[in-house]
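Dear colleague,

Please find below the structure that I am handing over to you. A summary of the findings follows it.

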Amino acid sequence: MAKTIFLVDDSTTILLSVSSILGKAGYAVEKAANAEEALQKFNNGVKVDLLITDLNMPGMNGIELIKKVRSLTAYRFLPILFLTTESQQSRKVEAKAAGASGWIVKPATADDLLNTIKLVLK
């Protein structure tokens, strides 16, 4: 059965391009345009194998989303990747502390994205 990847990004372009890459690679994709929408789906018991979230979004940011997802028992061990334009070490440390499994800097190539996902979903 195909693994399901949950993509959270306030950019419609990123949601479309990344879900297209994932779909072509054989993954099922769940999407949310912001952290609040994503959290609602998690609270409703969405079944996913990986969460990929943007860092900078209006309202709740990616780090706050990760902390909230990690506090839900069902998703405590869910692999979570950040997909962001930021590459500062301090942000990476903050993301790791919140529970992120890894980091992908935008713009990422399809190969970079898929290789990182394969590593995390082993």
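Two strands are said to pair if DSSP finds at least two bridges between them. Helices (H or I, at least four residues) and strands (E, at least two) are DSSP runs, numbered from the N terminus. The model is a predicted one, in which local features need pLDDT of at least 70 and side-chain atom pairs count only at pLDDT 80 or more, while totals for chains, interfaces and linings use all residues. Residues are numbered from 1 along each chain as its sequence is written, and side-chain values use heavy atoms, with hydrogens and water left out.

I begin with strand β1. In β3, Leu7 of this strand has Ile52 as its bridge partner, and β1 and β3 pair in the parallel sense over four bridges. β1 also pairs with strand β2 (residues 28-32), again in the parallel sense, over five bridges; there, Thr4 has Ala28 as its bridge partner. Together, β1, α1 and β2 make a right-handed β-α-β unit (right-handed if, with the strands pointing away from the viewer, the path from the first strand over the helix to the second runs clockwise).

Five of the five residues of β1 are buried, where buried means under 20% relative accessible area, exposed over 50%, and partly exposed in between, with a 1.4 Å probe and protein chains only. Thr4, Phe6 and Val8 point one way from the strand, and Ile5 and Leu7 the other way.

Asp9 is buried, with a relative accessible area of 1%. Its side chain reaches the backbone nitrogen of Ser11 at 2.9 Å and makes a polar contact with the side chain of Lys106 at 3.1 Å. A polar contact is a pair of N or O atoms within 3.5 Å; within protein, one must be able to donate a hydrogen and the other to accept it, and residues adjacent in sequence count only if both atoms are side-chain atoms. Leaving aside neighbours within four places in sequence, Asp9 is in contact (heavy atoms within 4.5 Å) with several residues, including Ala32, Asp54 and Met57.

Thr53 lies in strand β3 and is buried, with a relative accessible area of 0%. Not counting residues up to four places away in sequence, Thr53 touches a set of residues, among them Val8, Gly62 and Phe82.

Which residues of helix α5 (residues 110-120) are buried? They are Leu113, Leu114 and Ile117. Seen down the axis of α5, these buried residues fall within an arc of 90°, so they line one face of the helix; the arc is that of the directions from the helix axis to the C-beta atoms. They pack against β1, α1, β3 (50-53), β4 (80-84) and β5 (102-105). The face turned away from the buried side carries the exposed residues Asp111, Lys118 and Leu119.

Finally, I turn to the aromatic residues. Rings of Phe, Tyr and Trp (its six-membered ring) pair if their centres lie within 6.5 Å; planes under 30 degrees apart count as stacked, over 60 as edge-to-face and the rest as tilted. By this rule the count comes to three aromatic pairs. One of them is the edge-to-face pair of Phe42 and Tyr75, at 4.6 Å centre to centre and 75° between the planes. Phe42 lies in helix α2 (residues 35-43) and Tyr75 in the loop between α3 (62-70) and β4, so the pair ties together parts that are 33 residues apart in sequence. Phe6, Phe42 and Tyr75 form one aromatic cluster.

With kind regards
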